[in-house]
Amino acid sequence: MDRRTFVKGSVAAAGAATLTGRVFAQAAAPDKLRFGYAITQSGPLGPGAESTTISQYKLWQKLVNDAGGILLKKFNRKVPIDFVSYDDQGKPDELLKLTERLIQQDRVDMMLAPYASHMNLAAAPVINRYEYPVIMTTATTSKTYDLALKWPYAFWNISQPNESAHPLSNAIAELKKEGKVSGKVAVVHVATEFGVEMHAAFIDQAKKDGLDVALSKSYPLGVADLQPLIREAMATQADAFVCMSYPPDTFMLVEQAKIVGFNPKFMYVAIGGVFPGLKDKFGSNVNGILVYGGVNPGEPGMADYNKAHQAMFNRPSEAGAINVYGALQVTQQAIEKVGEIDRKKIRDVIATDAFPTLWGELKYVSQRNANPWAVGQWQGGEVVGVYPANKAGAKPLLFPKPAWS
Amino acid sequence: MFEVLLGGVLLGGMYGLVALGLNLQYGVSRILNLSYGEFLIGGAFIAFFTVMGRWQLNPLLSLFLSVPIAFAMNWLIYRWLMLPLVRRAPDQDALDADVVLVTFGLFFVIQGLALVNWSGELRGYSFLAQGVDVLGARIALNRLVAFLGACVLALALFLILRHTRLGSALRAMTIDPVAAELMGVDVRKFSAMAFAAGGALAAVAGMLVSTFISFSATSGGDYTLKALLVAIMAGVGRVTGTLAAGLLLGVVEQLGGHLIDPGLTLAINFGLFTLILLLRPTGLFTRA
């Protein structure tokens with residue numbers, strides 16, 4: 001036998017083996033459901049990914065598996081969850097390679113979302129091409145308004161720039177009407193896609209609402225000192241301060257605002273504002289600070305979830321992670337409704353049904369969450385949802401922000 | 001304006017502080033240590049646990065733990081990982097290449113261990129997070145403390161290098177290791193000590209920086225990069241030069257941010273770096 005025939009023969013044999021394996025597998029229930037994800041574990045976005053997303057994946061896996069697994073009606077059996085995961089190092093090209101690898105080589109049953117807007121956006125066309133339904137839990141980008149329609153397998157869970165920024169402007173305008181603020185607002189943003197889009201969405205709406213934008217500037221990710229910028233904001237005499245920030249600078253903004261005694265009546269920070277570390281560091285000074293995203297602490301099941309989270313990670317959960325957990329609950333419920341891993345059917349169920357979760361009832365219209373929490377606020381040492389005000393469990397705005405102590 | 005300048009000085013002090021240990025390691029021991037930032041973050045973590053742990057102590061006390069650990073670990077790294085490379089390298093260029101690869105690997109190992117132990121969460125604590133008025137400008141006390149720490153360390157290092165026998169030996173090694181050895185300097189021993197001292201300085205810097213900047217298990221690389229930038233600007237082995245280069249960087253960054261746009265601070269950083277490399281490729285404070 002020459003080498004070529006040998007190679008051909010082996011390939012055919014291997015193919016046949018795989019084929020029999022597959023046919024056989026269709027008859028019996030799988031012994032586990034393999035979920036794949038590539039996510040940022042190192043680099044500047046690593047901490048956020050850990051706190052918001054990876055921790056939730058692990059907790060969900062544990063809680064579901066403790067209960068026996070995900071029920072597949074077709075086999076009338078509960079099947080435990082298994083993870084295959086990689087570190088994309090915060091690089092989109094790495095993420096794309098790993099996503100392909102998870103689908104093509106590791107042949108996972110389902111995929112979970114990566115972390116951060118640009119990464120979710122990068123993964124969406126790939127999972128869509130292979131028809132893996134994925135709920136993107138950390139993407140806020142104006143692009144979803146168009147792209148959601150093009151990618152039927154990608155779902156967008158959290159509040160997008162318009163929905164996130166407009167309520168802030170509306171609220172300041174409302175307070176101005178009541179004579180509680182001057183209507184002068186200072187806006188700064190971190191120079192990332194998220195920051196730029198949130199900033200633009202806010203400025204747009206602020207113009208419509210007749211607010212006076214007294215400062216509008218950016219700073220780079222990884223900035224070492226924000227005091228000059230805070231000083232500039234202070235100098236404008238603005239009593240509303242809106243920062244479209246990312247985690248490390250969110251902490252720095254709060255600390256330096258406190259140090260220079262900048263005490264706006266209305267203060268918003270974006271990503272990282274909900275981290276429990278913020279409260280660990282600043283104590284009761286966090287009260288009154290508005291943040292990106294919200295949650296209803298009174299949601300059924302929240303107490304058990306918090307207990308399990310504390311037990312697993314020895315720290316409280318952050319409000320921003322609840323949406324991730326909610327998306328996992330949707331995924332589980334959709335799989336259980338379908339009763340097997342038929343990704344087309346699972347996709348259709350997610351696209352049409354409504355799902356009770358820790359993050360309230362989730363329902364997707366054109367693959368976008370119909371009414372996500374947009375703005376939260378620290379009140380009495382915990383993050384509560386404030387806007388949209390019509391959502392079940394929404395709390396009234398705490399105003400003015402208490403002075404730094 | 002004065003406040004902006006002062007802010008730049010404080011920031012620059014921090015840059016200098018971060019780079020001191022790296023420059024000592026590279027200048028004297030001739031080891032370009034890419035895992036340097038990991039020891040800095042190690043110092044930050046020990047400080048964090050000192051403050052947020054059961055006893056809630058002053059972070060300065062963490063130095064009693066972090067400095068000996070960092071010193072010992074770096075000494076061991078030099079003896080066990082670097083020395084074999086030094087022995088077999090035919091010249092400095094070959095050594096640089098080997099060392100960069102090994103310390104880059106070490107960077108991943110330490111970071112991986114840190115991630116497993118401490119997870120990737122963002123950490124921060126409050127220490128002296130209050131303002132003080134200096135000639136009418138309001139500055140953060142913790143940043144001021146870090147700046148003073150940088151000055152004290154740089155001065156101490158300078159005095160040791162200038163006025164002690166050990167210092168003469170170390171300086172001789174910086175200039176020409178072979179000649180120093182011929183003059184009876186125990187190059188291996190002093191290299192190991194300088195390398196270990198550099199690691200200890202990193203731990204001190206980490207503690208001081210952690211009082212005002214949040215960090216995580218993966219922030220080390222950023223500090224290594226910053227330290228490299230400053231050390232290369234200053235010139236290899238220049239101690240006071242390191243502080244001065246840090247100050248220059250900090251002031252230019254703050255002024256640029258203030259006068260042009262805060263969004264440009266990183267661009268200004270690297271612009272200045274490029275300019276200095278073009279004009280004085282061996283560093284600002286190296287004698288020709």
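1. Confidence in chain A. This is a predicted model, and chain A averages a pLDDT of 90, with 93% of its residues scoring at least 70. The exception to note is residues 19–25 of chain A, over which the pLDDT is below 50. Beyond near neighbours in sequence, that stretch has one contact in the model. Where pLDDT is low, the predicted coordinates should not be read in detail.

2. Contact between the domains. On the domain 1 side of chain A, 15 residues are in contact with 16 residues of domain 2. Helix 2 (46–66) and helix 4 (117–129) of chain A each supply at least two residues of the domain 1 side. The largest share, three residues, comes from helix 2 of chain A. By class, the side of domain 1 that touches domain 2 of chain A has nine polar, four nonpolar and two charged residues.

3. Helix 2 against helix 11 in chain A. Helix 2 of chain A also packs on helix 11 (residues 302–313) of chain A; their axes come within 11 Å and cross at roughly 110°. From helix 2 of chain A the contact uses A:Ser55, A:Leu59, A:Lys62 and A:Leu63, and from helix 11 of chain A it uses A:Ala308, A:His309, A:Met312 and A:Phe313. Five of the residues in this contact are nonpolar, two are polar and one is charged.

4. The three-stranded sheet of chain A. Three strands of chain A, in the order 4-1-5, form an open sheet with parallel pairing. Strand 4 (81–87) and strand 5 (110–111) of chain A are the edge strands, each pairing on one side only. Strand 1 (residues 33–39) of chain A is joined to strand 4 of chain A by seven bridges, in the parallel sense. Within strand 4 of chain A, A:Asp82 is the bridge partner of A:Arg34. Helix 3 (residues 92–104) of chain A lies across strands 1, 4 and 5 of chain A, and runs at about 170° to strand 1 of chain A.

5. The seven-stranded sheet of chain A. A second open sheet in chain A has seven strands in the order 9-8-10-11-12-16-17, and here the pairing is mixed. Strand 9 (212–219) and strand 17 (382–387) of chain A stand at the edges with a single partner strand each, so one side of each has no neighbour in the sheet. Neighbouring strands of this sheet are turned against each other by 25° on average, direction ignored. Strand 11 (residues 266–269) and strand 12 (residues 290–292) of chain A run parallel and are joined by two bridges. A:Val269 stands opposite A:Val291, which belongs to strand 12 of chain A.

6. The hairpin of chain B. Strand 1 (residues 131–134) of chain B runs antiparallel to strand 2 of chain B, and four bridges join them. B:Val134 stands opposite B:Ala137 of strand 2 of chain B. The two strands of chain B form a hairpin with two residues between them, and B:Leu135 in the turn has a positive phi of about 50°.

7. Helix 1 against helix 9 in chain B. These two helices pack at an angle of about 75° with their axes 8 Å apart, helix 9 of chain B being residues 220–234. Helix 1 and helix 9 of chain B are therefore roughly perpendicular to each other. Among the residues of helix 1 of chain B that take part are B:Tyr15, B:Val18, B:Leu22 and B:Tyr26; helix 9 of chain B contributes residues including B:Tyr223, B:Lys226, B:Val230 and B:Ala234. The contact has eleven nonpolar residues, two polar and one charged.

8. The interface between the chains. Chain B places 34 residues in contact with 36 residues of chain A. Helix 1 (2–29), helix 4 (92–118), strand 2 (137–140), helix 10 (239–259) and helix 11 (265–279) of chain B each supply at least two residues of the side that touches chain A. Helix 1 of chain B gives the largest share of that side, four residues. The side of chain B that touches chain A has 16 polar, twelve nonpolar and six charged residues.

Methods:
Residues are numbered from 1 along each chain as its sequence is written. Chains are lettered from A and ligands numbered from 1 in the order in which they are written. This is a predicted model: local features need pLDDT of at least 70, side-chain atom pairs count only at pLDDT 80 or more; totals for chains, interfaces and linings use all residues. Two residues are in contact if their C-beta atoms, placed from the backbone, lie within 7 Å. Ala, Val, Leu, Ile, Met, Phe, Trp, Tyr, Cys and Pro count as nonpolar, Asp, Glu, Lys and Arg as charged, and the others, Gly among them, as polar. Two strands pair if DSSP finds at least two bridges between them. Axes are lines fitted to C-alpha atoms, for helices over the stretch in contact, and angles run from 0 to 180 degrees between N-to-C directions. pLDDT is the predictor's confidence in each residue, from 0 to 100. Angles under 35 degrees count as roughly parallel, over 145 as roughly antiparallel, 65 to 115 as roughly perpendicular and the rest as oblique.
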